[in-house]
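Please keep the sequence and the 3D view at hand while reading.

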Amino acid sequence: MLPLIVIAGPTGSGKSELAMRVAEELGGEVVSCDSVQVYRHFNIGSAKLPLAERRGIPHHLIDVLEPGAVFTAGEYARVARPILHEISARGHVPLVVGGTGFYLRALLDGLALAPGGDEGLRTRLLAREQRRPGSLHRVLSRLEPAAAQRMHANNVQRTVRALELFLLRDTCARSPADPLNGFQIRKIGLGPPRAELYRRLDLRLERMFHQGLIEEVRTLISRGVPPTAKPFESLGYKQALEFIQGGASFDEALAAAKLATRHYAKRQLTWFRREPGMHWIEGFGSDASVQNETIHFLAPHDI
C-alpha cells in the first residue's frame, strides 16, 4: 500500500506550516485541498503560501483555474487522484493539505453520482426565477433547508442545481461512490484552542484588509473578473467586494469577515471531528511540539 498523509483542520490552524515540516522529513509533495487556492490571482484572501516560502517542495492544485471556472468536489477528486499516483511513482509521499472538507471526502470516499439533470425542468426553474427573483431560494429553503443554508440566495446556478437534485432524486438512481484505493492513509487533524484560534483569525483578517486585500479585489475587478465569479463568494473576498461596491463601510466589512470566518472555522472543526480515522493534535501546526508529535505519530507506520 502506498503512503498518503492528510493534514486537515480549520482555517488559520497552521496546516501549511505543518505540511512543510512533514514534507521535508518524509520526502513529500503537497496536494492542496482548498476550494479558493485552486484559482489564479486570488492570493491574499486565500492565504496562499508564496512560492518563495515553499522551500522547493512541489505544491499541486494551486493556481490552476481562471476565476470564472467552476470546480466541483467531484472534479477535484478526478484531477487530484492521478496526481497522488504520480507523486508516489516518483518515490515521494503525497500530502493532502487543506480545509475544504467536501473536497477531501470526494477524494478519499468518492461521491455518489447525482442525476444528470433535466433540461426542461431547468428551463422552467430559470423562467420562474426571472419572473420572481429570489423565489427559487425560498422554495429550496422549504424543501432542503440545509442545502439552502450552504449557498447565497443570489447564486441562481447552485440553487437551480440543488432543486434539480431534490426533484429528480426519486426518479434517478444514484451510482455508488468510488473510494480511493491503493493507499495507506494517515489523517492528522489540527485542533487548536478555540479562543486563541479566533484571536489569530481576527488578526490575520486585519492584516489582509489593511495590507492588500482591498487592492487585490480592485485589481481583479479592473481586469474583468466579474463580481459573480465563484471565488468572490469566499470569506474575506465577499466582504471586501461588498465594501468596494459601497454596500458596507470598511469597518463593517472587516467585522463581517471576522464573524463569518469564526463561524466557518467552527463548522470546519465540526466537519473534521466526524471524519473517521483522524488523529487529532490539539495545537497549531506552527508549534514545534505539534510538528514533533506529528512526526512521531507517522514514523511507526513506515511512511
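The model is a predicted one.

Start with the sheet. Strands of a sheet pair through backbone hydrogen bonds, either parallel or antiparallel. Here the pairing is parallel, and 6 strands make up an open sheet. Read across the sheet, their order is β3-β2-β4-β1-β5-β6. Two of these strands, β3 (59-60) and β6 (278-281), are the edge strands, and each of them pairs on one side only.

Within this sheet, strand β1 (residues 2-8) and strand β4 (residues 93-97) run parallel and are joined by 3 bridges. Across from I7 stands V97 in β4. Helix α3 (residues 101-109) packs on the sheet, where it touches β1, β4 and β5 (183-190). The direction of α3 makes about 165 degrees with that of β1.

Next come the nonpolar cores. In soluble globular proteins, nonpolar side chains tend to be buried together. In this model the largest nonpolar core has 48 residues. The residues with the most contacts inside this core are V31, F42, Y76, L84, V96, F209 and F232. Elements that each supply at least two residues of the core include β1, α3, α8 (194-210), α11 (250-273) and β6. Helix α2 gives the most, with 7 residues.

Leaving aside neighbours within four places in sequence, V96 is in contact with residues including L4, V6, V31, Y76, L84 and L107.

Methods:
Residues numbered from 1 in each chain as written. Predicted model: local features only at pLDDT ≥ 70, side-chain atom pairs only at ≥ 80, totals over all residues. Heavy atoms only, no water. Pairing = 2+ DSSP bridges. Helix = DSSP H or I, 4+ residues; strand = E, 2+ residues; numbered from the N terminus. Contact = heavy atoms within 4.5 Å. Axes fitted to C-alpha atoms, helices over the stretch in contact; angles between N-to-C directions. Core = buried A, V, L, I, M, F, W, Y, C linked by side-chain atoms within 4.5 Å. Buried < 20%, exposed > 50% of the residue type's maximum accessible area, 1.4 Å probe, protein only.
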